[in-house]
Amino acid sequence: MIGNKKISKGQLDLISSSNTSWAALTLTNTSSGAVNYKVKNNLLLINGSIVASTNNSLLQIGTLPAGFRPNVRRFSTAINISGNTTSSTNPITNVYIEANGDLFINTYNYLDYNLDIEITLDISN
């Protein structure tokens, strides 16, 4: 059982076999930063930080490879930081992960952003 859901041995084997090591996301449209991703126990984990290269826009920061993509658009949040302290201007922003793997973040004022995301992946296919 996972939570209150019964799963078969085949499903459990699939979950266990899909665990991966951390990998670096190739970043686009950022001034600097590093974002890593992996799958562990059917969860897509994304963490890292970036500095946005544009102001006040929906910015694509990279594309997750096949096997690390949700089956539908998923939403999460990121935290704006500046000088290692939380920014008082727009401290939380939206992150979008598209089914094709494109990873977007809403950017404001060229701030630094920390990402710490967990997304459940559909392993039924």
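**Close-up views of aromatic pairs and a buried asparagine**

**View 1. Tyr 37 counts as buried, with a relative accessibility of 8%.** The model shown here is a predicted one. Under the rule that ring centres lie within 6.5 Å, the count of aromatic pairs comes to two. In the pair formed by Tyr 37 and Phe 68, the ring centres are 4.9 Å apart and the planes stand at 75 degrees, so the arrangement is edge-to-face. This pair links distant parts of the chain, since Tyr 37 belongs to strand E2 (residues 30-40) while Phe 68 lies in the loop between strand E4 (57-63) and strand E5 (74-82), 31 residues apart. Phe 68 likewise counts as buried, at 14% relative accessibility.

**View 2. Phe 75 and Tyr 96 form an edge-to-face pair, because their planes stand at 80 degrees, with the ring centres 5.2 Å apart.** Here too the pair links distant parts of the chain, with Phe 75 in strand E5 and Tyr 96 in strand E7 (residues 92-97), 21 residues apart. Phe 75 has a relative accessibility of 52% and therefore counts as exposed, whereas Tyr 96, at 16%, counts as buried.

**View 3. Asn 106 is placed in strand E8 (residues 102-107).** With a relative accessibility of 14%, Asn 106 counts as buried, because the limit for that class is under 20%. Leaving aside residues up to four places away in sequence, Asn 106 touches Ser 57, Leu 58, Thr 93, Asn 94, Tyr 96 and Tyr 113.

Technical notes
Residues numbered from 1 in each chain as written. Predicted model: local features only at pLDDT ≥ 70, side-chain atom pairs only at ≥ 80, totals over all residues. Heavy atoms only, no water. Phe/Tyr/Trp six-rings, centres within 6.5 Å; stacked < 30°, edge-to-face > 60°. Helix = DSSP H or I, 4+ residues; strand = E, 2+ residues; numbered from the N terminus. Buried < 20%, exposed > 50% of the residue type's maximum accessible area, 1.4 Å probe, protein only. Contact = heavy atoms within 4.5 Å.
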